[in-house]
Amino acid sequence: MSVLAQSTLTALLVAQAGPGVDIGIGTADNLAGGAVGAFLTTLIVGAIMIAVVPEYTERMMGDVLDEPVGSFVYGIIALVAVLIIAFVFFITIIGILVALPLLLVVYLLWAIGSVIAYLAIAERLIGRGDSWLKPLLVAAGLNGVLTLTGIGGLIAFCIGAAGFGTVLRSGLN
């Protein structure tokens, strides 16, 4: 077989097989799983915070409502800084032992801050009355529903950043 015939045959086989590249932005399963995860994280972390440190939770809710833009900017800058530091740690082999716990702590602080921000929004929407149950369920529902939609995920990220910034600012002051 000639070189031309072999290359033509190879090109036909590759074209017939297709590249196998699937460019999907998000499937319904991924979005639903993320929404359920966001709902449960907000519900569980919020219930723990309300049971263990209700005064801190209330104080942070007030702080995030008093200065949402400053908290958001602080949260975004801190998140970018932590990601850069973690990347630098990951470059070295020994640094991985530092980066993984750092990222775990940041994730937990993000979850706490996000819960605080969503609880503050839920309390503004429906009030609290005698019980934390309704605001907690509304906060978890808001986080889940926003995560379920595409653009809502960006809004959920911004709300989480504001809460994260509030938690960091209170911890550093």
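Me: What makes the crossing of α3 and α7 right-handed?

Reply: A crossing gets that name if the near helix is turned clockwise from the far one, and left-handed if anticlockwise, by less than a right angle; α3 over α7 falls in the right-handed class. Mind you, this is a predicted model: local features need pLDDT of at least 70, side-chain atom pairs 80 or more, while totals for chains, interfaces and linings use all residues. Numbering starts from 1 along each chain as written, and side-chain values use heavy atoms, leaving out hydrogens and water.

Me: How do the axes of α3 and α7 sit?

Reply: Helix α3 (residues 54–66) and helix α7 (residues 150–172) have axes that come within 10 Å and cross at roughly 115 degrees, on a scale from 0 to 180 degrees between N-to-C directions, with lines fitted to C-alpha atoms over the stretch in contact. Helices here are DSSP runs (H or I, at least four residues).

Me: Which residues of α3 and α7 meet?

Reply: Y56, M60, D63 and V64 meet A162, G163, T166, V167 and S170, contact being heavy atoms within 4.5 Å.

Me: Why is E58 with R128 called a salt bridge?

Reply: The cut-off is a Lys or Arg side-chain nitrogen within 4 Å of an Asp or Glu carboxyl oxygen; the closest N and O atoms here are 3.1 Å apart, so the pair qualifies. E58 is in α3 and R128 in the loop between α5 (96–126) and α6 (133–148), so parts 70 residues apart in sequence are tied together.

Methods:
Helix = DSSP H or I, 4+ residues; strand = E, 2+ residues; numbered from the N terminus.
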